[in-house]
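Q: Can you walk me through this one? I'd like to go piece by piece.

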Amino acid sequence: MSLPVDELKWIELRLEAYQIRYRSVYHEILDHIISAIEEKRQTGDNRNIESLFQQVVDGHLGGTEGIKKLVAEHEEIYKEGIKKLWMQSLKHYLTWQMLAFTIVVLLLSLKLPDVELVRSSVFVMCILLACSPTVYSYFSLRDRVMTTMDGKLSFFRVHLIKKASISAAIIFNVIYLLSPAVIANTPTIILMALMMLFVLLNLASIHFCRQFTASNPTNP
């Protein structure tokens, strides 16, 4: 037995009071409450929507504290899923071929003149490579996880971008912790090693976004 539109609207507005942060979690709890109330109505329970809502929230979800616990549990499940997907994407490129390619690049970098212009150029490439995963993930996932509904933050929006922005966090910390003089005098081979790290993270981020898209064909 489907609930009338006005009661569905009331449930949505009432659930707002619980301040559930993430859209995906919010809709899972909303669907659970609606389904439970519809079942009660089918069994002949014709009490007003306020009474049924509170009974379901208290009895099925454990009240306010129960909802908080449920939200925390869902967040942990989602975090573990995203973490697992990221590690799989990283391991996908942690291969002997990648190691051999890195060694070749580092050996070739020894042939480059160790002058400030070369070091600066390599460091600029590091910055571009470090920031590109964030840009790529934003545009590749925008239609799926970048939009919000009903003012809710997307759980995936927060945590996918965090994973894809690891390289940006690394380069920003390098810039913050090291003075320009230190960076300018860093040996070229060290900067090339840093660049290859960002190449690896770039490839992993692209694979990560594509795997997420493939496993979530609709907006979560």
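Q: Is Lys-79 buried, partly exposed or exposed, and what is its relative accessible area?
A: Lys-79 is partly exposed, because its relative accessible area is 31%. Buried means under 20% relative accessible area, exposed means over 50%, and partly exposed is in between (1.4 Å probe, protein chains only).

Q: Before we go on, what kind of model is this?
A: This is a predicted model: local features need pLDDT of at least 70, side-chain atom pairs count only at pLDDT 80 or more, and totals for chains, interfaces and linings use all residues. Residues are numbered from 1 along each chain as its sequence is written, and side-chain values use heavy atoms, with hydrogens and water left out.

Q: Back to Lys-79. Which residue does it form a salt bridge with?
A: Glu-76. The closest N and O atoms are 3.9 Å apart. A salt bridge here is a side-chain nitrogen of Lys or Arg within 4 Å of a carboxyl oxygen of Asp or Glu.

Q: Where do Lys-79 and Glu-76 lie?
A: Both lie in helix H4, three residues apart, about one turn of the helix. An α-helix has 3.6 residues a turn, so residues three or four places apart point the same way.

Q: And is Glu-76 buried or exposed, or in between?
A: Glu-76 counts as partly exposed, because its relative accessibility is 43%.

Q: How many salt bridges are there by this rule?
A: Five. One of them joins the side chains of Arg-47 and Asp-45, at 2.9 Å, N to O. Arg-47 counts as partly exposed, at 35% relative accessibility. In another, the side chains of Asp-114 and Arg-119 meet at 3.0 Å, N to O.

Q: Is Arg-119 buried or exposed?
A: Buried, because its relative accessible area is 10%.

Q: Zooming out, how many helices and strands does the chain have?
A: Ten helices and zero strands. Helices (H or I, at least four residues) and strands (E, at least two) are DSSP runs, numbered from the N terminus.

Q: How much of the chain is buried?
A: Buried residues make up 39% of the 220 residues.

Q: What about contacts between residues at least 6 apart in sequence?
A: Of these, 79% join residues at least 24 apart. Contact means heavy atoms within 4.5 Å.

Q: Let's return to H4. What should its span be, and how far apart are its end C-alpha atoms?
A: H4 covers residues 63-93, which is 31 residues. At 1.5 Å a residue, it should span 45 Å, and its end C-alpha atoms are 46 Å apart, so the two agree. The expected span is 1.5 Å times one less than the number of residues.

Q: Which H4 residues are buried?
A: Among them are His-74, Tyr-78, Trp-86 and Ser-89.

Q: Which side chain makes a polar contact with the side chain of Ser-89?
A: That of His-207, at 3.1 Å. A polar contact is a pair of N or O atoms within 3.5 Å; within protein, one must be able to donate a hydrogen and the other to accept it, and residues adjacent in sequence count only if both atoms are side-chain atoms.

Q: Where is His-207, and what else is it in contact with?
A: His-207 lies in helix H10. Leaving aside neighbours within four places in sequence, His-207 is in contact with Ser-89, His-92 and Tyr-93. It counts as buried, at 18% relative accessibility.

Q: New topic: Ser-109. Where does it lie?
A: In helix H5. Ser-109 counts as buried, because its relative accessibility is 5%. Its side chain reaches the backbone oxygen of Leu-106 at 2.5 Å.

Q: What does Ser-109 touch, not counting residues up to four places away?
A: Thr-188, Ile-189 and Met-192. Ile-189 lies in helix H10. Ile-189 is partly exposed, at 32%.

Q: Last one: Ile-34. Which residues is it in contact with, beyond four places in sequence?
A: Leu-3, Leu-8 and Ile-11. Ile-34 is found in helix H2, residues 23-42. Ile-34 counts as buried, because its relative accessibility is 14%.

Q: And how far is Ile-34 from Ser-2?
A: They are 32 residues apart in sequence and 8.8 Å apart in space, C-alpha to C-alpha.
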